[in-house]
Amino acid sequence: MKTDLFYYTGTGNSLWAARTLAEALGEAELFPISRVRADAGRTDAEAVGLVFPVHIWGVPRRVIAFLDGIKRDPSRYHFAIAVNAGQVAATLLQLRGLLQERGLALACGFDLVMPSNYIPWGGPGPREGQMKRIAAAREKIAAIASNVAAGAQGPIERGPFWQNLLFTGFNRLAFSRVPSMDKSFWTDPRCNGCGVCRQVCPCGNIEMKEDKPLWLHRCEQCLACIQWCPQEAIQFGKRTPRYERYHHPEVRLQDLTAVPKRQEEE
Ligand SMILES: Cc1cc2nc3c(=O)[nH]c(=O)nc-3n(C[C@H](O)[C@H](O)[C@H](O)COP(=O)(O)O)c2cc1C
Ligand code: SF4
Ligand code: SF4
């Protein structure tokens, strides 16, 4: 089954998951949601997969916007992987509803636990624990590939009922505040003006002013800027100076900034 995999990522976990799934599926192509045109989802692929991080117990704004560009073809197979740090909550139920509103069905949705990149609450934890999560995720992706190849209907994975209820409420409260959450970013004296933060930002939210990043308040809170800064000079609030940075060990900076093949050809 020819499959297009659209991924969104801040620190590479979702890119790695999409790449690992593509290898397992065979006939699959990868596209970064933040770097393809808005109508890239109007493809003729027989299956479309969405791979994205859970943000504040829900679907990130950029992924929601991308759904508008997906071809209204109810006969096509749609599936998703919600990459998270242990609390998928009702993210995949939300996605199913968003697709339904657009006349499309979510055949199956999978919860994939990976190391946490949410540095305002702490680092990714000991290296051994990170590698265990990645190894378990690799196994789960093999199972997801078998499900997708067989055209499975279900499951739509979710957290416990209390979590879905409570955290979905938090998601709805926080959602409109996300663009201005960048007010908590600041740089320490290690910033050397290299511009990597500007390059990795998926939404052009960073401008360089006098060799220092300036955040423009249309942030998606992917945390790529703080996590990829080579000097670890970006901070968020008061606590991040003591927390370790994270990006997926098999994902390089160039993987995030590369222009997708199909876009280059057009
Ligand atoms: C703003 C933000 C909110 C997050 N919210 C959640 C959450 O609600 N539940 C969860 O399990 N993980 C949450 N995370 C962690 C990420 O989903 C997780 O680390 C994911 O693997 C990151 O994927 P990426 O490397 O592709 O960006 C959050 C991360 C960020 C940046
Ligand atoms: S990536 Fe870091 S060092 Fe480079 S300009 Fe941005 S904040 Fe400064
Ligand atoms: S400013 Fe930083 S956190 Fe916000 S969208 Fe850009 S890279 Fe992500």
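In the predicted model, Thr 9 touches Ser 14, Leu 15 and Leu 256, with residues up to four places away in sequence left out of account. Thr 9 is placed in the loop that runs between strand β1 (3-7) and helix α1 (13-25). The residue counts as buried because its relative accessibility is 11%, below the 20% limit for that class. A polar contact is formed within this part of the chain: the side chain of Thr 9 reaches the backbone nitrogen of Gly 12 at a distance of 2.8 Å.

Backbone atoms of the protein lie within reach of ligand oxygen atoms at several positions. For Val 54, the distance between a polar backbone atom and an oxygen atom of the ligand is 2.8 Å. For Gln 87, a polar backbone atom is likewise found 2.8 Å from an oxygen atom of ligand 1. On its own, ligand 1 has 650 Å² of accessible area, of which the protein covers 96%. The ligand sits in the largest pocket.

Asp 255 is situated in helix α8, which comprises residues 253-257. With a relative accessible area of 16%, Asp 255 is classed as buried, since the limit for this class is 20%. The side chain of Asp 255 reaches the backbone nitrogen of Arg 252 at 2.8 Å. When neighbours within four places in sequence are set aside, Asp 255 is in contact with Tyr 7, Leu 15, Arg 19 and Glu 250.

Leu 25 is located in helix α1. Its relative accessibility of 21% places Leu 25 among the partly exposed residues, because buried residues fall under 20% and exposed residues lie over 50%. Apart from neighbours within four places in sequence, Leu 25 is in contact with Thr 3, Ala 145, Val 148 and Ala 149. Leu 25 and Ala 142 are separated by 117 residues in sequence, while their C-alpha atoms are 8.8 Å apart in space.

How values were computed: Residues numbered from 1 in each chain as written. Chains lettered and ligands numbered in written order. Predicted model: local features only at pLDDT ≥ 70, side-chain atom pairs only at ≥ 80, totals over all residues. Heavy atoms only, no water. Helix = DSSP H or I, 4+ residues; strand = E, 2+ residues; numbered from the N terminus. Buried < 20%, exposed > 50% of the residue type's maximum accessible area, 1.4 Å probe, protein only. Polar contact = N/O pair within 3.5 Å; in protein donor to acceptor, adjacent residues only side chain to side chain. Contact = heavy atoms within 4.5 Å. Areas by Shrake-Rupley, 256 points an atom, 1.4 Å probe, with all protein chains shown as cover. 1 Å grid on protein atoms, 1.4 Å probe; cavity = no way out; pocket = protein on both sides within 12 Å on 5 of 7 lines; lining within 4 Å. Sits in = over half its atoms within 2 Å of the grid points.
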